[in-house]
There are 2 protein chains.
Amino acid sequence: MLGLGLIGGSLLQATVRRGRTAFGYNRSEAGAAAARADGFDADTDLDAVLRRAAADDALIVVSTPVTTLDELLPTIARLAPGCVLTDVISVKGAVAAAVARHHPDARYVGGHPMAGTSQSGWSAAGPDLFAGAMWMLTTEDHTDPDAWRAVAALARGCGAQVVPAANDAHDRAVAAISHLPHLTANATAAVGAAESGLALRLAAGSFRDGTRVAGTAPALQRAMLEANRIALLNTLSETIDRLVAARDDLRDSGSVEIIVDDGHRARLAYEAMATTPVPPIVGIEPGEADWAAQMRRQGHLGRTWQR
Amino acid sequence: MLGLGLIGGSLLQATVRRGRTAFGYNRSEAGAAAARADGFDADTDLDAVLRRAAADDALIVVSTPVTTLDELLPTIARLAPGCVLTDVISVKGAVAAAVARHHPDARYVGGHPMAGTSQSGWSAAGPDLFAGAMWMLTTEDHTDPDAWRAVAALARGCGAQVVPAANDAHDRAVAAISHLPHLTANATAAVGAAESGLALRLAAGSFRDGTRVAGTAPALQRAMLEANRIALLNTLSETIDRLVAARDDLRDSGSVEIIVDDGHRARLAYEAMATTPVPPIVGIEPGEADWAAQMRRQGHLGRTWQR
């Protein structure tokens with residue numbers, strides 16, 4: 001695991017707990033020391049960690065912000081070029097482009113576990129973070145099926161379900177259900193705080209929950225959102241359009257019927273999906289003819305890889 | 001308690017639990033029967049309930065949607081004109097205007113407990129709903145101090161803290177920290193669901209929390225939001241302005257720095273306020289010279305009435 005923050009640290013803990021050998025790199029000595037103090041194998045010497053990974057034919061997981069890739073990937077390409085490589089970064093198009101630039105022969109399969117808190121760092125990590133979570137895996141026509149299996153096994157071992165998807169479909173999806181909610185949370189928090197001290201004193205559940213993710217460290221939010229610029233611009237524009245239409249309706253006819261009905265129906269659809277057992281992907285194995293397209297098709301129907 | 005939904009039902013349960021005599025009216029027989037089945041005194045005969053309230057000199061609490069007031073208030077004025085009257089409706093200007101229209105001599109003090117869930121009805125009610133909650137009380141220069149004390153005692157008896165405020169300041173505040181978060185939750189939910197099934201499958205904490213209140217019954221959301229039209233229009237316009245500025249920044253410079261920094265700072269201010277013990281209002285009693293203005297001033301500094 002390269003990077004022992006919330007995600008990488010949780011991954012290290014979950015992997016060691018199921019009896020696998022795992023070791024980590026962290027740039028700051030404080031983070032590495034915290035991991036060692038908890039009994040984990042962590043180092044600040046990137047070259048040494050990568051040489052060890054190469055010697056062990058380890059699976060390498062990049063769990064650092066997307067902004068670190070231009071520095072990190074060339075080192076991986078130099079010291080551990082044959083290792084299967086994945087990442088847990090919340091955008092996939094930008095990571096795939098960086099891999100193509102710096103490590104074009106990588107046995108790379110991108111990943112994105114849909115788990116997190118507004119806290120960050122090793123101190124917030126825990127081995128149960130991924131239990132029951134969805135974990136997107138890059139599933140393109142050229143994806144190496146053996147590497148895909150290896151990364152899928154890592155996710156399954158952490159208790160997650162694997163969602164196969166193309167990178168661009170993933171990036172549009174997370175713009176809508178993760179990056180946009182960060183922007184609306186930030187806007188709502190700012191408007192509330194700017195209103196009055198009375199407003200913050202009266203703030204209750206709707207404000208508390210609706211602004212929670214604005215508590216995430218600004219640098220992490222920015223790295224995540226700005227790396228998904230194009231998809232986020234589209235979904236943000238659609239959101240603005242809906243809010244402008246709601247404002248016009250409210251001003252002209254005193255009604256918020258459309259936005260409330262649309263939003264309520266959408267929330268019920270989400271709740272129904274979130275509370276129904278997820279059907280498994282069936283009838284196809286990685287490496288079989290047309291496997292990636294078939295996996296993506298079943299993924300779009302809401303199925304997950306559960307083996 | 002007139003209306004035995006989430007708020008009125010919880011109020012009935014909390015009041016009875018502390019040993020007071022309390023009884024309720026509910027329009028639907030189903031709701032009244034549910035309350036009776038749980039051992040509470042509930043009826044569907046409004047006239048009988050109001051005659052009993054008048055005979056007992058009861059404190060009357062209106063806990064029905066704002067849209068019922070034009071029907072309810074004239075009946076109260078006719079059958080129980082001398083009773084102290086309050087309400088728990090989430091807007092105060094519209095309620096005060098309806099009281100002035102239909103029951104101008106009422107000993108009325110508006111109230112708004114900042115408690116709720118996305119569920120509604122008697123089945124969602126419970127006596128602990130108001131524990132630790134803020135409970136705004138209309139505190140205008142002409143407010144009757146004895147009626148104010150009576151309503152404050154009701155709120156304190158439910159475990160809430162009393163926040164004195166003028167009606168217009170309250171309505172602006174809740175537009176920002178309650179009604180706007182409903183609109184952003186609805187817009188976010190609708191955009192997410194419209195994206196793809198993949199998006200809803202990948203939805204995790206930020207979407208779940210950020211859209212929670214979109215699960216509230218549409219009729220309740222509409223009644224609440226539409227009754228606060230002017231204040232909501234202002235705060236919604238400010239939100240749109242912030243999101244448009246963020247879109248322009250993201251498009252032109254690839255940065256979301258301003259909205260993320262503003263939002264993060266606001267969220268930290270809210271968290272600091274929510275986790276610090278609330279200082280009490282001191283040095284003034286209801287009925288003393290200039291008491292309402294002094295109460296409001298301390299309320300704006302974040303103090304609450306805790307006696």
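Reader: Which side chain meets that of Asp41(A) in a salt bridge, and at what N to O distance?

Author: The model is predicted: local features need pLDDT of at least 70, side-chain atom pairs count only at pLDDT 80 or more, and totals for chains, interfaces and linings use all residues. Residues are numbered from 1 along each chain as its sequence is written, chains are lettered from A and ligands numbered from 1 in the order in which they are written, and side-chain values use heavy atoms, with hydrogens and water left out.

The partner of Asp41(A) is Arg52(A), at 2.9 Å, N to O. A salt bridge here is a side-chain nitrogen of Lys or Arg within 4 Å of a carboxyl oxygen of Asp or Glu. This pair links distant parts of the chain, for Asp41(A) lies in the loop between helix H2 (29-37) and strand E2 (42-43) of chain A, while Arg52(A) belongs to helix H3 (residues 46-56), 11 residues apart. Helices (H or I, at least four residues) and strands (E, at least two) are DSSP runs, numbered from the N terminus. Asp41(A) is partly exposed, with a relative accessible area of 34%, and Arg52(A) is likewise partly exposed, at 33%; buried means under 20%, exposed over 50%, and partly exposed in between (1.4 Å probe, protein chains only).

In chain B, Arg52(B) and Asp41(B) meet in a salt bridge at 2.8 Å, N to O. Arg52(B) is partly exposed at 32% relative accessible area, as is Asp41(B) at 36%.

Another salt bridge joins Asp262(B) to Arg265(B), with the closest N and O atoms 2.8 Å apart. These two residues are separated by about one helical turn, because they stand three residues apart in helix H12 (residues 257-275) of chain B. Asp262(B) is partly exposed at 24% relative accessible area, whereas Arg265(B) counts as exposed at 53%. In chain A, salt bridges that share partners join Glu238(A), Arg242(A), Asp262(A) and Arg265(A) into one network.

Over all chains, the search finds 40 salt bridges. Six salt bridges are found across the interface of chain A and chain B. There, the side chains of Arg222(B) and Glu257(A) meet in a salt bridge of 3.7 Å, N to O. At this interface, 92 residues of chain A are in contact with 92 residues of chain B, contact meaning heavy atoms within 4.5 Å.
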